[in-house]
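Hi,

Here's the structure I promised to pass on. Have a look first, and my notes follow below.

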Amino acid sequence: MNNKETGNCQCGSISYSFNKDKVISAHHCHCKDCQRATGSGKATILFIAKKYVELNGDLKFYESKGSSGSHIRRGFCSNCGSGILSYAKEIPHIFYVKAGTLNDSSWLTIDSNFFTKSANDWNAPDKSIKCFDGNPGIMSGIKTLLKSF
Ligand SMILES: [Zn+2]
Ligand SMILES: [Zn+2]
């Protein structure tokens with residue numbers, strides 16, 4: 001598996017790997033929950049089907065309600081606190097892996113920005129890619145996509 005990518009939390013209790021050919025897309029999310037979860041201006045996440053992610057270690061999850069009414073479960077290491085991945089409870093077969101936890105993320109290209117309406121001036125959205133001012137409606141898009149798997 002030449003295209004195997006790996007990542008882990010800061011203390012190493014949680015690690016994961018996947019084949020980067022399986023990545024669906026990648027996004028910056030500027031929503032307030034992602035800002036709080038990361039302590040930064042945005043979360044950078046990549047979408048990949050759960051079945052392609054090999055996860056080692058036990059994530060702790062914190063669940064919050066997204067603006068679309070779905071329930072977002074953010075998984076993190078209970079020892080060092082690193083956020084590793086999230087998923088919507090309603091669509092548990094798609095993981096949103098936090099790109100910053102990859103050992104090498106140089107290959108990643110970002111497709112779009114979510115929730116630009118809550119972006120901060122000190123971390124302004126990249127206008128050269130597609131911008132959604134709120135929820136991109138990606139959930140319905142993913143449901144369609146999943147039928148093709
Ligand atoms: Zn850790
Ligand atoms: Zn977000």
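To start with, in which loop does Gly100 lie? Gly100 sits in the loop between strand 9 (91–98) and strand 10 (112–114); strands here are DSSP runs (E, at least two residues), numbered from the N terminus. Gly100 is exposed, with a relative accessible area of 75% (exposed means over 50%, buried under 20%, partly exposed in between, with a 1.4 Å probe and protein chains only). Its C-alpha atom is separated by 14 Å from that of Gly12, 88 residues apart along the chain.

Some ground rules. This is a predicted model, where local features need pLDDT of at least 70 and side-chain atom pairs count only at pLDDT 80 or more, while totals for chains, interfaces and linings use all residues. Residues are numbered from 1 along each chain as its sequence is written, chains are lettered from A and ligands numbered from 1 in the order in which they are written, and side-chain values use heavy atoms, with hydrogens and water left out.

Now the zinc ion (ligand 1). Its protein donors are Cys9 (SG), Cys11 (SG), Cys77 (SG) and Cys80 (SG), lying 2.3 to 2.4 Å from the metal. Donors are N, O and S atoms within 2.8 Å of the metal (3.2 Å for Na, K and Ca), and water is not among the atoms, so sites may look incomplete. The site is tetrahedral, with angles of 107 to 116 degrees among the four donor atoms; four donors count as tetrahedral if all angles lie between 85 and 135 degrees. For reference, the ideal angle for four tetrahedral donors is 109.5 degrees.

Along the chain the donors follow the spacing C-x1-C-x65-C-x2-C. Distant parts of the chain are linked this way: Cys9 is in the loop between strand 1 (4–8) and strand 2 (15–19), and Cys77, 68 residues apart from it, in the loop between strand 7 (71–76) and strand 8 (83–88). Cys9 is buried at 1% relative accessibility, and Cys77 is buried too, at 2%.

Another cysteine, Cys34, counts as buried at 7%. As for disulfides (pairs of cysteine sulfur atoms within 2.5 Å), the count is zero.

Three strands form an open sheet in the order 1-2-5, with antiparallel pairing (two strands pair if DSSP finds at least two bridges between them). Strand 1 and strand 5 (54–56) are at the edges with a single partner strand each, so one side of each has no neighbour in the sheet. Strand 2 and strand 5 pair over three bridges, and Tyr16 has Leu55 in strand 5 as its bridge partner.

Cheers

Technical notes
Tetrahedral: all angles 85-135°; square planar, octahedral: opposite > 155°, others 65-115°. Helix = DSSP H or I, 4+ residues; strand = E, 2+ residues; numbered from the N terminus.
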